[in-house]
Amino acid sequence: MDPVEKNKDSPPPLPDPSLAPALLFDGGAAGDASGGVTLYSIPKKRALPVARGFGRFAADASWVTPQGWVLAIDPASRDASLRDPFSCRTVRLPPDREGLLLDAGDRRGTTRCVLSTPRPTDPGCVVLVAHRERPLLFYCRPGGGDGRWFQHEYETGLIDEEDQHDDVRVTAVGGRFYALLLADEKVVALDLSVGLEPAITVLHVANSPWPAGCCEIRPWKVESCGELFLVRFCLTALCRKRVVRVEVDRLDWSKSAWVRAAGLGANRAFFVRTGQFGVSMAADEVGLKPNCIYFTNKDDKGLYVYDMEQGTTTSRDLGGLEIPDSTEPLLLMPAI
């Protein structure tokens, strides 16, 4: 049977996949008690009409992945699946019978989900849910013979740091997962491709220096064309809410060091939703200017664009969306 199915119970798709990447604002317009959602297309620069029921992707029992697929769990049956928000494509996963994911706490705040490969149907794909506040990993294999979710508890402090849980951000490169600890100058590699127990390797990587006048850095890893980049948003003591500088580093494996990147790569654009993930895609596929980083800020509905060539940051007008300024959107990427 084809592992990708058409699910009649899936939330209604967007009218056109070319409208992605898109920002999903939960709650609808200000003063609107309908509990609806609003979508803004980044490439089309306009708000999108949303079919009733699409807001279920913003529910607690779902995780948006950098690969565009959404991990959804039915709280009643514990059935799990990966769903494409822009179609009715569904990939079934083992059910969460033990309640590992639903009992892990607030899904948005304390856990993150990422796939080891671009497509859940790729050979050896692993779906990983990493806890940000406890040393716990949950994972399964789509279509594998395991038929269940696994839980792994690793050594405390290896990936998460006490009182510094925001540093736990996992991304995937070449079928392996990587977590970053800037404070300890470590990159932790997680290999779930062999056996049932994760193979964890610690790599010591030298950081690039902090820019002058910067008192806080919010870093986000981005996988792009098999390379690992680090987007660093710099803030000052006078303004911890506004990004005053953006820097991009690339991991040089031969030197075990982060080095300053001159650009994002040929025809690449980055998308970073702070508090969620960073992701790369071909700029011409969505009609956007290459070498630009599209990002959001914490407690801010705005969309900002950093131009690597110009070294400037501009604010994108979201077309007068009537939502509170402090509303943070979710980033929805097109699923391959």
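On a 1 Å grid over the protein atoms alone, a cavity is a set of points where a 1.4 Å probe fits but cannot get out, and its lining residues have an atom within 4 Å of a point. This is a predicted model, in which local features need pLDDT of at least 70 and side-chain atom pairs count only at pLDDT 80 or more, whereas totals for chains, interfaces and linings use all residues. Residues are numbered from 1 along each chain as its sequence is written, and side-chain values use heavy atoms, with hydrogens and water left out.

The structure holds one cavity of 30 Å³ or more, where a volume is the space filled by probe spheres set on grid points joined across faces, edges and corners. The largest cavity is lined by Leu23, Ile42, Phe271, Val272, Arg273, Tyr294, Thr296, Leu303 and Leu331.

A pocket, by contrast, is an open set with protein on both sides within 12 Å along at least five of seven lines. Of the 30 residues that line the second largest pocket, Pro118, Glu223, Val279, Ser280 and Ile336 are the closest to its centre. β22 gives the most to that lining, with five residues.

| Space | Volume |
|---|---|
| Largest cavity | about 30 Å³ |
| Second largest pocket | about 630 Å³ |

Notes
Helices (H or I, at least four residues) and strands (E, at least two) are DSSP runs, numbered from the N terminus.
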